[in-house]
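The structure is shown first.

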Amino acid sequence: MDILIYGTINSVSLALMALGFALVYGISRVANFAHGALYVVTGFLTWSLFKGAGLNYALSIALAMLFTGLIGALIYQFFLIRVRGMAISEIIASYAIGLAILEGFRWGGFKGMTYTLPPFVEGSMVLAGTPVDYHRLLVVLIGFGVVAFLWAFTHYSRIGLALRGMAQDERAALMLGIDSDLMAVVAMAFGSMLAGLSAVVLLPLGNIVVEKGYDVLIQAIAVCIVGGLGSWFGAVVAAFIIGFAQIVTVVWWGAHFQMVVALLAIIFTLVLRPSGLFGRQKELEERV
Amino acid sequence: MSDEQRRKERLDRGIKIRSDSLYAIMSWRELAYLTAPRFLLIAGILLLPLLVPGMYWQRVVSVVCIYALLALSFDLMAHYVGLVSLGGAFFIGTGGYISAMLNTSLGVPPLLAIFIAALLGGVICTVLLLPCLPLRGVYFAIVTLMYPLFLARVIEALDIFGGTDGIMGVESFPNRWVEQYFVIAMVLLFLFGLRRLVNTDLGLVLRAVMDNDQAVKASGMSVALFKGLAVFIASGIGCLAGACIVHIYMWSGISLFALDFSILPIAATVIGGGGTLVGPVIGCFILVPVSELLREFGTLRIVCYSIILMAFVVFRSEGIMNYGRRKYHQFERWVKV
């Protein structure tokens with residue numbers, strides 16, 4: 001029962017972390033390696049607005065997320081757009097940006113155990129013999145809410161449909177009057193805000209530390225690769241697979257192995273089936 | 001007319017054309033034109049340990065050479081075989097741990113242990129990377145980025161090879177001059193060795209693997225074999241660098257798998273100019289001292305070199321060496337269109 005409950009919570013957290021990455025990659029084919037950095041940025045922004053400037057908690061969360069979205073859009077508009085299509089340069093450039101942000105925070109003194117956000121709802125309950133706090137339950141709810149919202153957004157709103165059109169066939173989308181550069185910026189802003197959302201939802205469960213940025217990046221990549229890069233449905237399924245695998249190994253072998261599972265998942269998927277469980281890329285494009 | 005258009009025309013210098021073939025030996029000027037840059041580089045690197053002030057900067061020169069070896073191996077894989085490896089730390093760690101274990105448990109002297117570690121590490125890395133070799137582009141890059149992280153976590157989780165404490169008491173080089181000139185000799189050896197190698201038939205096949213692997217297959221050659229060979233050479237060089245650093249610091253631990261070893265060589269290659277082999281070495285000689293100067297600012301140096309890296313990738317992707325080579329061999333002028 002422990003495994004079932006905490007596995008679900010862990011899986012939903014993973015899905016939240018990965019959705020932003022999957023969205024950006026799916027639409028603009030940019031592997032956004034600054035994803036983890038944006039996650040941490042939102043955490044610290046929320047903290048500074050809430051604790052530093054003394055704003056309302058909900059207001060500071062909203063502001064921090066908007067701001068992160070803006071940062072993502074600026075990163076794309078001024079740097080990544082120039083190397084678009086050159087996969088390796090994209091990775092190196094975005095990774096460098098992420099590294100600069102994260103290590104900049106470390107240099108700026110944002111380290112240690114002092115930075116925490118309060119949970120949305122205090123208290124806990126006993127669910128089928130297992131104690132669970134309300135915040136973790138809320139995480140699951142928000143996770144499902146986000147997935148449902150994304151699905152509705154990409155199927156019924158104009159911008160969402162435009163994004164999906166670009167992901168499927170960029171030339172056809174261009175021909176129908178969809179500005180692909182603008183849409184890529186929108187996608188990046190959206191992906192950054194999703195990273196921010198996962199940060200404000202998940203960070204109250206622990207401290208805000210710079211190292212989280214790297215862990216989140218690895219886990220997001222793991223989920224996206226196992227699910228197939230660019231496939232949102234695959235990402236959600238993969239989040240559940242990896243999430244449960246992690247909890248099972250943690251219960252049986254120890255907490256050290258949590259990251260090992262994610263890394264192993266990446267390596268095995270890439271070696272055996274690079275397009276992932278639900279990837280749509282042609283086999284020939286990615287391996288000889 | 002105001003809407004007159006100009007374009008920049010680039011022409012080879014006369015002396016370049018004269019010194020392209022056998023005529024190079026017809027006068028001292030042509031000979032000097034060809035050899036001066038190479039001679040300058042070799043003499044500069046050889047004299048460096050004597051010129052720098054104090055032991056601290058001599059140690060920095062050794063570290064520069066370690067990174068230069070790594071950058072060479074990255075450049076070979078990325079620009080001559082088309083395998084962009086983000087896992088320099090993987091090679092460093094493998095070579096380092098092998099050399100440290102040979103030295104501490106079997107008592108092999110450092111200079112011998114380094115060479116055994118290079119060969120053995122090369123074989124191990126190649127075997128471990130073998131399943132990923134068919135991958136291309138982003139996929140190979142991500143998988144190689146994960147390898148060092150994975151090994152570090154495994155060592156931490158299973159508590160093998162000294163666990164988080166690492167292996168202590170590794171023997172150092174006989175004295176610091178041996179250390180300095182050993183690593184410098186290795187850099188020069190591999191720099192000019194690789195330059196030779198990429199101009200042989202093997203180099204041609206490797207570049208063909210990068211540009212058009214179907215054509216290589218159609219010519220009846222095994223793509224996997226040549227990729228494996230290139231990875232063996234590159235990882236051997238990386239492991240050699242790792243083995244050296246273990247004997248310089250007299251310690252081997254998880255920090256050998258740190259991201260520094262993966263990022264800095266790439267930054268050096270991008271700055272120095274990819275595909276030139278000399279460029280990455282020059283890039284290291286610029287980047288590592290800069291990051292040493294910034295050491296007192298802590299992690300600010302990582303911020304610094306990631307910003308430099310990003311700026312070069314996005315705005316000046318040709319790098320110093322390609323730029324310099326163009327200026328050296330060609331002159332430019334504006335012509336009317």
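## Basis and fold of chain A

Helices (H or I, at least four residues) and strands (E, at least two) are DSSP runs, numbered from the N terminus. By that assignment, chain A contains 12 helices and 2 strands, and their order along the sequence is α-α-α-α-β-β-α-α-α-α-α-α-α-α.

The model is predicted: local features need pLDDT of at least 70 and side-chain atom pairs count only at pLDDT 80 or more, whereas totals for chains, interfaces and linings use all residues. Residues are numbered from 1 along each chain as its sequence is written, while chains are lettered from A and ligands numbered from 1 in the order in which they are written.

## Dimensions and packing of chain A

The radius of gyration, taken over C-alpha atoms, is compared with a globule rule of 2.2 Å times the number of residues to the power 0.38. For 288 residues, a compact globule would have a value near 19 Å, and chain A agrees with this at 19 Å. Along the principal axes, the C-alpha atoms of chain A fill a box of roughly 55 × 45 × 40 Å.

A residue is buried if 20 or more other C-beta atoms, placed from the backbone, lie within 10 Å of its own, exposed if 12 or fewer, and partly exposed in between. Buried residues form 50% of the 288 residues in chain A. Two residues are in contact if their C-beta atoms, placed from the backbone, lie within 7 Å. Of the contacts in chain A with a separation of 6 or more, 74% join residues 24 or more positions apart.

## The largest nonpolar core

A nonpolar core is a set of buried Ala, Val, Leu, Ile, Met, Phe, Trp, Tyr and Cys residues joined through C-beta atoms within 7 Å. The largest one has 210 residues, and A:Ala18, A:Ile266 and B:Leu69 have the most contacts inside it. Helix α3 (residues 54-81) of chain B supplies the largest share of this core, 17 residues.

Beyond residues up to four places away in sequence, A:Ala18 touches A:Ala220, A:Val223, A:Cys224, A:Ala235 and A:Ala239.

## Loop residues of chain B

Most residues other than glycine have a negative phi. B:Met250, in the loop between α10 (223-249) and α11 (260-272) of chain B, has a positive phi near 55°. B:Met250 is partly exposed, with 16 other C-beta atoms within 10 Å. B:Leu277 has a positive phi near 65° and lies in the loop between α11 and α12 (278-293) of chain B; B:Leu277 is buried, with 25 other C-beta atoms within 10 Å.

B:Phe297 occupies the loop between α12 and α13 (300-315) of chain B and counts as exposed, with 11 C-beta neighbours inside 10 Å.
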